[in-house]
Amino acid sequence: MRIAMIGTGYVGLVSGACFSQFGIDVVCVDKDKQKIARLEAGEIPIYEPGLDKLVADNRAAGRLTFTTDLAGSVATADAVFIAVGTPTRRGDGHADLSYVYAAASEVADALRQYTVIVNKSTVPVGTGREVGRIVRERRPDAEFDVVSNPEFLREGAAIEDFMKPDRIVIGTQSERAREVMRAIYRPLYLIETPIVFTTLETAELIKYAGNTFLATKITFINEMADLCEKVGADVHDVARGIGLDGRIGRKFLHPGPGYGGSCFPKDTLALAYTAREAGSPVTIVEQVIQVNAERKKRMAQRVVEACGGSVAGKTIGVLGLAFKPNTDDMRDAAALDILPALLTAGARIQAHDPAAMEEAARHLKGIDYKDNAYDVAKDADCLVVLTEWTQFRALDPKRLKELLRRPVVVDLRNIFNPAEMRGLGFVYESIGRPQPRHSA
Ligand code: UDX
């Protein structure tokens, strides 16, 4: 079995490395010569726990290689995975499929034997069929099938998610293609991972429906958190109280500053677009998108209020910049809304993130990046928690209090204990937990 993985971005690199761990020969292809050279030199361009070792081990075993030669890789592959980017298109918010279709054309030209062309990128309903049409048009003689095989990886836990998924979704009506996909996923088949075989269109929709449902769940608990603050209830107890109902489930009920990342914002927008175009709008999803965007903007106002109504001339310490812990990814991170708003309001900002500072510096100018969390607290008028990295949970509040100019903490991820913080004399604000109103 040989796989060509087109695109060495997040999905391509993780999937390629994991397939090679299954014992399959995998060649990862990218147009970006520099990126391939870096990968060949053993450098991993993204931050993902365990990925460096997985890549190194499988390269050493000779099962994982990197190249810019798409045609050569496709010619000998049993399956070609398309894992190129599908960014949000400017203007209308739909997914930009130009990279997917360009890859499909190049793959078509290189086909030499029966090949399964697998869409791994998150693509709107109908894309798989269009890939098939493009390939057929360029190569009427070629033997191939198109499969949709969406990924459900979470950044920071991607390898575990790949190796122990809740399910695998495979969209194709061709039995020949299903056989190839079964062979590829054999190790997971052996651990009794459910495989959902569907049509192309259904598989494509499953990916969007899944992510959109999770984004809705988060947005729901965020609104409950706001309500909790008004009525003096505790959102964590609400989440536990409802989540223990098996029909609801406990996961993805953690309140915060609004969801971000590379998937939820993009996928909710793309589904809303697809649905509008299909004449069957998903109004609940449109609401989710709007509520989440407004929430992120409102978070800056919370900081301003905690600082007594103005941050002009004040120093705000920010802990965490990435959209979630264990990643250096800044895509649609709440920090990208909150920090510029605070800067505009006249604040000075000093910040630390264990992994995302380099990435943050590309998007956020005028921030004083610090080496550690305590340096962030030093002489700050307010400390804001934006990402729940484990190391922040272990910080010593007493030491933070000594370093801060004013003992104000706005904890947008609820990592500290309110009673303890207030007991130590902090003005402590968190999300959806009973809190006396203060002005600092
Ligand atoms: C998500 C999906 O989980 C994954 O299945 C899909 O393949 C890609 O998109 P990811 O974006 O890596 O993964 O991160 P995830 O852990 O799902 O978090 C997304 C966002 O939701 C983050 O901003 C996170 O902080 C937020 N979130 C998540 C909450 O605010 N509360 C929660 O309870 C869970």
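**Close-up views of a predicted model**

**View 1. Helix α14 and the residue after it.** Helix α14 is followed by Gly346, whose phi is positive, near 100 degrees; helices (H or I, at least four residues) and strands (E, at least two) are DSSP runs, numbered from the N terminus. This is a predicted model, in which local features need pLDDT of at least 70 and side-chain atom pairs count only at pLDDT 80 or more, while totals for chains, interfaces and linings use all residues. Residues are numbered from 1 along each chain as its sequence is written. Within α14, which spans residues 335–344, the buried residues are Ala335, Asp337, Ile338, Leu339 and Leu342 (buried means that 20 or more other C-beta atoms, placed from the backbone, lie within 10 Å of the residue's own). These buried residues pack against α13 (283–306), β9 (315–319), β10 (348–352), α15 (357–363) and β11 (367–369).

**View 2. Where domain 1 touches domain 2.** The protein chain is divided into domain 1 (2–198), domain 2 (208–289) and domain 3 (297–430), with bounds that come from an automatic or database domain assignment. Domain 1 gives 10 residues to the contact and domain 2 gives 8 residues, where two residues are in contact if their C-beta atoms, placed from the backbone, lie within 7 Å.

**View 3. The shell around the ligand.** Of the 20 residues around the ligand, those that come nearest are Glu155, His254, Tyr259, Gly261 and Cys263; a residue is near a molecule if its C-beta atom, placed from the backbone, lies within 6 Å of it. Helix α10 (residues 200–231) supplies the largest share of this shell, 3 residues, and the shell draws at least three residues from each of domain 1 and domain 2.

Technical notes:
Buried ≥ 20, exposed ≤ 12 C-beta atoms within 10 Å, placed from the backbone.
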